[in-house]
Amino acid sequence: MDSVGVLVWLSVVVTILSKSHADRNVYPSAGVLFVHVLERDYFKGEFPPYPKPGDASNDPITFNTNLMGYPDRPGWLRYIQRTPRSDGVLYGCPPWDHIDKQTVIEITAYNRHTFETARHNLVINIKSTEDFHFQYQAEFFIRNMNVEEMLASEVLGDFLGAVKNVWQPERLNAINITSALDRGGRIPLPINNLKEGVYVVVGTEVQFSSCLREVETPQNQLRCSQEMEPVISCDKKFRTQFHIDWCKLSLVDIKRVVTVPHERSPHRPGMLLDIGEYNPPPSR
Ligand SMILES: *[C@@H]1O[C@H](CO)[C@@H](O)[C@H](O)[C@H]1NC(C)=O
């Protein structure tokens, strides 16, 4: 074979090899939280020697995730894997301007013992759903959770349940999740099981409840400014599982947000983000 022949042959082999891993398609909606778990158990089966059912291989596996043809992920999509023996998680809020475009994420799994790699494509097809324009959005800061704990569907479900309980919307959706580390938080010392903390944005169609607005009272604003806990009547609905920092609660009516400056912080507790003027809605 001449060198061109070798190249053609190689590219055929490469094509066959890469075709052997089917692309995986997912269809998240723009404007609501997207979570995709990279399961170690699934990827374990991809590495030679292929484990037989019942094999208890616990090799460390790490993942690399990037937008096809680029070294990194798109800005809206974040990734976390706490240790090589935990699952990886891709998450973020798919942007409206990516609707009906395909985002292809290359996922490479590395077995850290055998140095084998496995390759998959995740094809993200962002859908537009008119239902998911949420006018009222609240951002909570949860002190006693890390982002990957919060991303677990049962924990997030518990949190949404607690919020529903104190807000009473028809529908409530998670919109975005951010580790406190991404906002300049610090990794806590490994004592007392302290957590980094996580911000969760949720959205609904109904006006903020009076409980959520309690943080805006002058007494609570004063307490917050003195780094004291505000007094929030519905805090007990969260307390058993979630420690909310009520001073960091942000309530945003997106119909009132005129401009969105790049600098979001520092937040003032309980205040609308991003706009100079604050008009309290008529009381009901
Ligand atoms: C979601 O959170 C990330 C990290 O804070 C931020 O960069 C992104 O703009 C947020 N997305 C939306 C739609 O708010």
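Reply: A polar side-chain atom of Asn176 lies 2.5 Å from an oxygen atom of the ligand. The model is a predicted one, and this distance, like the others below, is computed from its coordinates. Thr178 also places a polar side-chain atom 3.0 Å from a ligand oxygen, and for Arg78 the corresponding separation is 3.4 Å. Taken alone, the ligand exposes 360 Å², and the protein buries 50% of that.

The residues around the ligand are Arg78, Cys93, Asn176 and Thr178. Sorted by class, this shell has one nonpolar, two polar and one charged residues. Cys93 counts as nonpolar because Cys belongs to that class, and Arg78 counts as charged because Arg is listed with Asp, Glu and Lys.

Now the charged pairs. Side chains of opposite charge can pair when their charged atoms come close. A search of the whole structure finds 15 salt bridges. One of them joins the side chains of Arg119 and Glu106, with 3.3 Å between N and O. Arg119 sits in strand β7 (residues 117-125) and Glu106 in strand β6 (residues 102-111), so this pair ties together parts that are 13 residues apart in sequence.

Another salt bridge links Glu229 and Arg239, whose closest N and O atoms are 3.9 Å apart. Glu229 belongs to the loop between α6 (218-225) and α7 (236-239), and Arg239 to helix α7, so the pair connects parts that are 10 residues apart in sequence. The 3.9 Å separation still qualifies because the limit for a salt bridge is 4 Å. Both residues are partly exposed, Glu229 at 39% relative accessibility and Arg239 at 31%.

Lys248 and Asp245 form a further salt bridge, at 3.8 Å from N to O. Here Lys248 is partly exposed, with a relative accessible area of 33%, while Asp245 is buried at 11%.

These last two pairs also belong to a wider arrangement. Arg143, Glu229, Asp235, Arg239, Asp245 and Lys248 are linked in a network of salt bridges.

Key:
Residues are numbered from 1 along each chain as its sequence is written. This is a predicted model: local features need pLDDT of at least 70, side-chain atom pairs count only at pLDDT 80 or more; totals for chains, interfaces and linings use all residues. Side-chain values use heavy atoms; hydrogens and water are left out. Helices (H or I, at least four residues) and strands (E, at least two) are DSSP runs, numbered from the N terminus. Buried means under 20% relative accessible area, exposed over 50%, partly exposed in between (1.4 Å probe, protein chains only). A residue is near a molecule or strand if one of its heavy atoms lies within 4 Å of it. A polar contact is a pair of N or O atoms within 3.5 Å; within protein, one must be able to donate a hydrogen and the other to accept it, and residues adjacent in sequence count only if both atoms are side-chain atoms. Accessible areas come from the Shrake-Rupley method with a 1.4 Å probe; for residues, only the protein chains shown count as cover.
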